[in-house]
Amino acid sequence: RQSCQSSIMASELFTYSNLVHAISGAAGSVTAMAVFYPLETARTRLQVDEGRRAANTFAACADIVGEEGWIALYQGLAPVLTSICCSNFVYFYTFNGLKATLRSRGIKASALKDLLMASLAGIVNVITTTPMWVVNMRMKLQGVKFKSHTSTAASGHEPYTGILDGLVRVAREEGVEGLWSSVGASLMLVSNPSIQFMIYESLKRIFQRRYKTVSAFHIFLIGALSKAVATVATYPLQVAQARLRAGMSQSSSRRTQWHVFTETFVCLQEILRNHGVSGLYKGLEVKLWQTVLTAALMFLCYEKIAKFVFLIMGMEK
């Protein structure tokens, strides 16, 4: 019986349907990130460069262009697209595979179960892809001239030639554990989509009670608002994550048995001590524009690509 259950689980995990969802999610995320990458660059600079200030999103991008040229807005694009492609492939494959496994066992879907599956997929994604994100953060900041002398990051190191070179060098120079810098913050940030999902479902029920049908505009509005709230709620963790990946926090040089679990809190304490509460939300406006627009375009591309592939394959979505 146990062998039969394992066989059923394997048959639900390794399917064309899960593969289509994974490829569609990866393609959608790459497209969205490529379109809005300048906002990602501005967000990163504001989070890791303590001396950089900007009145608004446009000013942040304009400052970078004025100092370094248009090409600076796209620095590190290739490794980021590679990382986000792998990351979303893992996430969408795991999420849809887990949902398919539950269906095969006759377990009905619910908001709580979807939330659990999303959290599990997020954890798998973080554990498997954090090394790539650590390296691409370093590559995004290579050669950057920081306005603050305290912001050193990885810009003083010999440039990485690619993600593979970066993985090897970080492991050699900082130890294998260095590849998982920020994993604590990343695991905590699995809460971001959880908060988004909770708010989205609550607002959707309110709209359904007030209107007979919920329009596409309402869905877009609810999705954008829920993502914005989730971003604001978890933004300090995102700032800590960016600084840890860049190798900027003092905790990066103090590796202990519990380092993975304590580095995030040490980094947050450093920011509070040096910059106050406002330091925890530096670059928030740019991040809101970037994350809301990128998420909206990513899901639009994902749905369209998946629908098209399922249509030509003659399969049910």
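**View 1. A network of salt bridges links Glu40, Arg43 and Lys140.** The model shown is predicted; local features need pLDDT of at least 70, side-chain atom pairs count only at pLDDT 80 or more, and totals for chains, interfaces and linings use all residues. Residues are numbered from 1 along each chain as its sequence is written, and side-chain values use heavy atoms, with hydrogens and water left out. A salt bridge is a side-chain nitrogen of Lys or Arg within 4 Å of a carboxyl oxygen of Asp or Glu. Side chains of opposite charge can pair when their charged atoms come close. The structure has six salt bridges.

**View 2. Arg43 pairs with Glu40.** Their side chains form a salt bridge of 2.3 Å, N to O. Both residues belong to helix α3 (residues 37-48). They sit three residues apart, about one turn of the helix. Helices (H or I, at least four residues) are DSSP runs, numbered from the N terminus. Arg43 and Glu40 are both buried. Buried means under 20% relative accessible area, exposed over 50%, and partly exposed in between (1.4 Å probe, protein chains only).

**View 3. Arg45 meets Glu68 in a salt bridge.** The N to O distance is 2.8 Å. This pair links distant parts of the chain, with Arg45 in helix α3 and Glu68 in helix α4 (residues 57-68), 23 residues apart. Arg45 counts as buried because its relative accessibility is 1%. Glu68 has 28%, so it counts as partly exposed.

**View 4. Asp165 and Arg169 form a salt bridge.** Their closest N and O atoms are 3.6 Å apart. Both residues lie in helix α7 (residues 163-174). They are four residues apart, so about one helical turn separates them. Asp165 is partly exposed, at 24% relative accessibility. Arg169 is buried, with a relative accessible area of 8%.

**View 5. Helix α7 has buried residues and exposed ones.** α7 has twelve residues. From first C-alpha to last, α7 reaches 16 Å, close to the 16 Å expected at 1.5 Å a residue. The expected span is 1.5 Å times one less than the number of residues. Ile163, Gly166, Arg169 and Val170 are the buried residues of α7. They lie on the same side of α7, because they cover an arc of only 125 degrees around the axis. The arc is that of the directions from the helix axis to the C-beta atoms. Leu164 and Arg172 are exposed on the other side of α7.

**View 6. Gly175 follows α7.** The phi of Gly175 is positive, near 90 degrees.

How values were computed:
Helix = DSSP H or I, 4+ residues; strand = E, 2+ residues; numbered from the N terminus.
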